[in-house]
Every structure is written in structure tokens, then in C-alpha cells.
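My notes follow in the order I took them.

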Amino acid sequence: VIAIKVLADEGLMETDAVQRLQEEALITSRLNHPAIINIYDFQRDGEIGFITMERLQGGTLRRMMDERSISGQTFTEDESILYAVQISEAHQYAHLFTVHRDLKPENIMFDQQGTVKIIDYGSVKIAGIAEISPLEQGDEENVLGTLNYTAPEYHLGQTGTVSSDLYSLGTITYEMLRSEEHTSELQ
């Protein structure tokens, strides 16, 4: 049983988008860590490119955060630290090869056993290769990544580094820890 990642309809035929998807598959398939999604292959069907990968059924961290918020439940300090450590260990390994550049709760999933799996390396920068500018058009609206989780240097036109990913991890960890504090304040 596998999952398939294919570009949205408007991106199916764009050569650059297909090339980027192929690069994502190549980079991620080289990462071998229990907390990073397993990529099996990049394939094409005519002009449509797609990635075959491990199928995860545990949902995203964002979904878990939203469900807990709605139900008034919180992340315990131990849970928050456990998830942060799993993400950190995966990134410590991945940073030998790449910088993720878009770490956020939507890109953190769980397998059936509840283990963290980092996904979506579509914005990566390969270590040791020419810098890729995070500002595609030179303005703040085109910063690579997700605004709430991007490090300040992205907004200054600088490229992402290992520290940028750590900034994102810190933001995610703060959100999980803050959920406990926020729920306590409401009671």
C-alpha cells in the first residue's frame, strides 16, 4: 500500500513544477531516517509526474492540534517534548544533506504507531549546492515556506539554513506547549 503525490491540476504540465517534484523525490529518497517519510520513486505518465511514497494513516500534527483545540484538550509537556525531540533528531540527520525550508505542522505526520514522520521536502535546499533564493520575485509575498513558521532571515531575502529549520521547530514546539497553558487559562 502506497501514497501518491501528484501536482495540482494547474501544475501538471509545467516543466519546472514537474522537475521540482522529481528533485523532491530524489532528495527525500536519499534520506533514511525513521522520522522522515520513505519515498519510493518518481514516475511519469505522459507529461504528469508523481511520487510514490510510504502511506501514513496517523494524520498531520496540524489536524491533531485543531482537534485538540476544538475539544479543549491540550498537548502535555511530555508529549510536546517527545514530538519535538523526534523532529529534531530527524532534522539533525537530514541537515547533513539538506535544509527543509518549510517545516510546519502540516508537514509533520504520524504513522500508525504514533511516530513522527516529516514530509514534503519540496522546498529543500541541497547542502553544498548553490544557494537558492527564497524570494522568487524579490518581494515578501513570495517567501518560500509558510509565514508563521519562516525564520526572519527569509524576509530579509536571505536563504534558509539549519538555523532556519530550528526556528520553525521552535515555533511548532511553542504552539504545542502554549496549548496546555492556554487551556489552563480558560478554565
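**Helix α3**

I started with the length of helix α3 (residues 77-94). Its 18 residues, at 1.5 Å a residue, should span 26 Å, and the end C-alpha atoms lie 25 Å apart, so the two values agree. This is a predicted model, and the figures I note are computed from it.

I then asked which residues of α3 are buried. I found E79, S80, Y83, A84, Q86, I87, A90, H91, Y93 and A94.

**Overall layout**

I counted four helices and seven strands in the chain. Read along the sequence, their pattern is β-α-β-β-α-α-β-β-β-β-α. The chain has 187 residues, and buried residues make up 45% of them. The chain exposes about 10,400 Å², of which carbon and sulfur atoms supply 50%.

**Confidence**

I checked where the model can be read with confidence. The pLDDT of the chain averages 79, and 79% of the residues score at least 70. Confidence is highest in strand β5 (residues 108-110), at a mean of 95, and lowest in strand β7 (residues 125-126), at 52.

Two stretches I marked for caution. Residues 127-143 stay under 50 in pLDDT, and the model gives them 29 contacts beyond four places in sequence. Residues 182-187 are also below 50, with four contacts beyond near neighbours in sequence.

**Nonpolar patch**

Which residues make the nonpolar surface patch? I noted I2, I4, V6 and Y40, with a patch area of about 400 Å². Strand β1 (residues 2-6) gives the largest share, three residues. Y40 is found in strand β2 (residues 39-45).

I looked up the exposure of Y40 separately. Its relative accessible area is 48%, so Y40 counts as partly exposed; the class lies between the buried limit of under 20% and the exposed limit of over 50%.

**S168**

Is S168 buried or exposed? At 3% relative accessibility, S168 counts as buried, because the cut-off is under 20%. I placed S168 in helix α4 (residues 162-186). Leaving out residues up to four places away in sequence, S168 touches L103 and Y149.

Key
Residues are numbered from 1 along each chain as its sequence is written. This is a predicted model: local features need pLDDT of at least 70, side-chain atom pairs count only at pLDDT 80 or more; totals for chains, interfaces and linings use all residues. Side-chain values use heavy atoms; hydrogens and water are left out. pLDDT is the predictor's confidence in each residue, from 0 to 100. Helices (H or I, at least four residues) and strands (E, at least two) are DSSP runs, numbered from the N terminus. Contact means heavy atoms within 4.5 Å. Patches are made of residues with over 30% relative accessible area and no salt bridge: like charges are joined within 9 Å, nonpolar side chains (Val, Leu, Ile, Met, Phe, Trp, Tyr) within 5 Å. Accessible areas come from the Shrake-Rupley method with a 1.4 Å probe; for residues, only the protein chains shown count as cover. A salt bridge is a side-chain nitrogen of Lys or Arg within 4 Å of a carboxyl oxygen of Asp or Glu. Buried means under 20% relative accessible area, exposed over 50%, partly exposed in between (1.4 Å probe, protein chains only). The expected span of a helix is 1.5 Å times one less than its number of residues.
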